[in-house]
Amino acid sequence: MAIALVNGRVFTGEQWLVDQAVVIEGEKIISICPTNNLPAGINQKIDLGGQRLIPGLIDTQVNGGGGALFNDAPTVETLRTMGAAHRKFGTTGFYPTLISDDLSVVTAAIAAVKSAVEQKVPGVLGVHLEGPFLNPERKGVHDASKFKIIDEAAFELLTSLNEGKTLITIAPELTTPKMISRFVKAGVVVAAGHSAANYEQTKTALAAGLSSFTHLFNAMTPLTSREPGMVGAALENTNSWCGIIVDGFHVHPSTLKIAHQAKTKGQLILVTDAMPSVGADDKNFMLNGELIRCEDGKLSTASGTLAGSDLDMLAAVKNTVELVGIELDEAIRMASTYPAVMMGEMQLGAIKVGYTASMILIDENFTLIRSWINGSEAH
Ligand SMILES: [Zn+2]
């Protein structure tokens, strides 16, 4: 069944098209052609009302949504809830993110993601394991009593997901370059975060295959005059990605602007670090037995430590345009094309013939109108 999406302003990831239809069949985009010259065999036409059709957004760091926290219940049901909650805000692909926990919970999380991918739960692309192999010196809101050193059993566990992709956030100074290389060879994307690694240690890890930085600036060594730190190594390197949380709380907009100017184009990506509050009526929740309160959109513990965010991907794009001053096309790519490339998802993150039909229709206010994941519209 071929469906033609007509009368939209189409952003392919590279350019805007007008008077062009996007034709989808099954899970794929099979044609992009002039509206007045549709291919034969179209079964249905959908009028997009002149709104913007853009690549679906991909979130590589999302802890929860719709009232559910992945750590609390690492199940397929939680992934369905999270996916449905974030889909309303433009996310069509995500890596459910487990923060530091017991290895039994990590095992359950991997099993849940495997089942979700097999069952084609909309949006689930793999898993992001943020810990527990982190440095207590930069623990943030993580429970340091869960932290561990990577051993053979941990390596086996972290490389055990064979459906979908695995992203891990580790403190690279607490393991060896050889271990990082082994992860990369096993197909795992290795990110640094919650780390006290200095500039040299970070460079060593990059040489070993480290390819990403989790929430750049937060929970890592800063850029200073005589010690460039992890932030300096991340911005200097031309072959790695940096996730940023553009919620107005985690990083100052000017700092983000500097990062955007410094980092190689295509390597700064938007993430939410979202918590259960996104898409939920109750904005407060429990984390590690502690009440997290949401005040004016900011999530923090009683002592003031930031505890993830109440951010969604479309709000992140909007903030990137309006707070940071980055042009719309680039902000969209930072939320779609670039994370797809980072994770090796070469059929996602753009509207092109042959690509997976994961797309969203948004209005001028960055509000979602409709969304397609693998060619299927939300019900
Ligand atoms: Zn974190």
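Two strands count as paired if DSSP finds at least two bridges between them, and helices (H or I, at least four residues) and strands (E, at least two) are DSSP runs numbered from the N terminus. With that in hand, hello everyone.

What you see above is a predicted model, where local features need pLDDT of at least 70, side-chain atom pairs count only at pLDDT 80 or more, and totals for chains, interfaces and linings use all residues. Residues are numbered from 1 along each chain as its sequence is written, and side-chain values use heavy atoms, with hydrogens and water left out.

Let me start with the hairpins. Strand β22 (residues 368-373) pairs antiparallel with β23 (residues 376-377) through 2 bridges, and Trp372 has Glu377 as its bridge partner. Between those two strands sit 2 residues, and Asn374 in this hairpin has a positive phi near 50 degrees. On its other pairing, β22 runs antiparallel to β21 (residues 359-362), with 4 bridges; there Ile362 stands opposite Leu368. That hairpin has 5 residues between the strands, and Phe366 takes a positive phi near 65 degrees.

Now the open sheet. Its 8 strands pair in parallel, in the order β8-β11-β12-β13-β14-β15-β16-β17. β8 is joined to β11 (residues 91-99) by 4 parallel bridges, with Asp59 partnered by Phe94.

Which residues coordinate the zinc ion? They are Glu130 (OE), His194 (NE2) and His215 (NE2), at 2.0 to 2.2 Å. Donors here are N, O and S atoms within 2.8 Å of the metal (3.2 Å for Na, K and Ca), and water is not among the atoms, so the site may look incomplete. The donor spacing in sequence is E-x63-H-x20-H. Glu130 lies in β12 (residues 126-130) and His215 in the loop between β15 (212-213) and α6, so to speak distant parts of the chain, 85 residues apart.Last, the helices. α5 (residues 199-208) and α6 (residues 229-236) have axes that come within 7 Å and cross at roughly 40 degrees; axes are lines fitted to C-alpha atoms, for helices over the stretch in contact, with angles from 0 to 180 degrees between N-to-C directions. The two are therefore oblique, as angles under 35 degrees count as roughly parallel, over 145 as roughly antiparallel, 65 to 115 as roughly perpendicular and the rest as oblique.
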